Amino acid sequence: MHPRLTLAISIMEAFAIFAYALSGLIEARKRRLDAVGAFLVALATAFGGGTVRDVLLSRRPFYWVEHQEYVLAIFAMSIFAPLFLRLTTRLFDQRALLVTDAIGLGLFSVSGTSIALDAQMPIFTATMMGVTTGVFGGIIRDVLCNEVPLILRDSRPYAVCAFAGCWMYIGLEQFAVEPIYNVLMSTAFILVARLITFKFDIRLPR
Amino acid sequence: MHPRLTLAISIMEAFAIFAYALSGLIEARKRRLDAVGAFLVALATAFGGGTVRDVLLSRRPFYWVEHQEYVLAIFAMSIFAPLFLRLTTRLFDQRALLVTDAIGLGLFSVSGTSIALDAQMPIFTATMMGVTTGVFGGIIRDVLCNEVPLILRDSRPYAVCAFAGCWMYIGLEQFAVEPIYNVLMSTAFILVARLITFKFDIRLPR
Amino acid sequence: MHPRLTLAISIMEAFAIFAYALSGLIEARKRRLDAVGAFLVALATAFGGGTVRDVLLSRRPFYWVEHQEYVLAIFAMSIFAPLFLRLTTRLFDQRALLVTDAIGLGLFSVSGTSIALDAQMPIFTATMMGVTTGVFGGIIRDVLCNEVPLILRDSRPYAVCAFAGCWMYIGLEQFAVEPIYNVLMSTAFILVARLITFKFDIRLPR
């Protein structure tokens, strides 16, 4: 469609993969894993959600097979992880990381929903696949690092924001909103929802 | 076949899914997960075994894609989990839960075997797929909750009962027993085997 | 090709499966699992890597479906695990186990790479699939036993040796080396690399 919008999505995608891989590296650092461990955890965090979705949908090739450049980038990030993490924490503060991660959550969930709809999934299932795409990388990261997944423990809304955004995407589609605008708007919605609930410390009941 | 028998199987299926989802909710409660966590764990417990089997067999659509009503029911159970658990523990005592879970183990294992045979698996592999269907949901539940899976720890026969029942199903098939009777008889066998070994505290050697 | 070479590969394969299953049994023993638990963990260790690779490649039938004899052998090993482990530790010392495991790592990684190339994967992805085949069984084993996977914790090169060997396989293929010689040479390379790095206690930086 509009080349500037496709560019916008590509940039967000790069940010999202970067943010997820980074959260893998941080977790790996905490656990004192070596470079190989850091690479595996970062890779699983960045591409785990999409891979699980594609296995469930019987869909090939995987994103990371088509975009080897991202795998290579994570490879480089992992080798220079100590340097890289020091650099990142100087450039990005806690808040910047929260925003980047929320962009990833939004973009992955919304695009996952869209892919599931293309694969003829019923709409409720499509939203579940969307949330799966957004959150499963983090679940695998935490299982590998032998922790109860953060998403199951943390009562601050995360999957819930993604879930709402996936429904928004489906709703806007009914009004024939062009896909690329729809992705941008629904992703923005998830980002804002995540930041607002975080800011006001809104929590789910246990 | 006989409409009353198909009804019987549908009722058992509902019981089985309910029992597995419930064990997920109980585990989630113990870990103090929020509603989202409870939902994910309950869902994984109820449908994890069948999903792993279907991925191994390259079989689609998944049961939970075709029967969205069960996913929605678990969704509702999770939101009202505190209320729901209080109600359940008043209605069902420990023994009732054991019976319901054993019905689930039996039905899932036997139907898993039958599905694997339909997919041209050799018979030993088919029994393994059957046991996988019966026990993998619980394994995923425990991995998510960061515990050594109960089935690996508990020396009371569980997978063994399922395994025996799957072989019984295969044996009865040789005698041209009609599938629906065969499912009912083999499920009943697993249920009884589980209850007897439990009652007399029979344990596997370590 | 040359019947003696195919025999050599079959023997190495048997050794490799045996070594991986054994490491599952040892882990199961440490965790005091019963016979069923030991069987499941041994099975997952031996065939987990290849199964994950085949799911990623959409490839069927699985190795363990076509070679039920290995599943039955692991079944027998698990039932007689206490006896079997005592026997093994008398016959094999720590060093013998290290060698057997390294043969498994080599053979699984190299053959995984070759299978991924046959499935039209790009070369970097093919090496990643190769390493996955070699190391994922151990990852599943440790996740089931509720530990941070050894491969993520241990700074002695393991995946790195496999990775180098996979690249060697791809390199030799460019020179039109016959596949069976190529597999043998690359596997030998991984074995030697693993033993040398172990001997000189070479470690990856954290």
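**View 1. Polar contacts between chain C and chain B.** Across the interface of chain C and chain B, four residue pairs are in polar contact, with both residues at pLDDT 80 or more. A polar contact is a pair of N or O atoms within 3.5 Å; within protein, one must be able to donate a hydrogen and the other to accept it, and residues adjacent in sequence count only if both atoms are side-chain atoms. The number of salt bridges between chain C and chain B is zero (side-chain nitrogen of Lys or Arg within 4 Å of a carboxyl oxygen of Asp or Glu). The model is predicted: local features need pLDDT of at least 70, side-chain atom pairs count only at pLDDT 80 or more, and totals for chains, interfaces and linings use all residues. Residues are numbered from 1 along each chain as its sequence is written, chains are lettered from A in the order in which they are written, and side-chain values use heavy atoms, without hydrogens and water.

**View 2. The side of chain C that touches chain B.** Here 27 residues of chain C are in contact with 27 residues of chain B (heavy atoms within 4.5 Å). The two chains bury about 2100 Å² between them, 70% of it on carbon and sulfur atoms; this is the accessible area (1.4 Å probe) lost on being put together, summed over both. Asp34(C), Gln68(C) and Leu144(C) lose the most area in chain C, together 24% of what that side buries.

**View 3. Helices of chain C facing chain B.** Helices H2 (35-57), H3 (63-66), H4 (68-79) and H7 (123-144) of chain C each give two or more residues to this side (DSSP runs of H or I, at least four residues, numbered from the N terminus). H2(C) gives the most, with nine residues.
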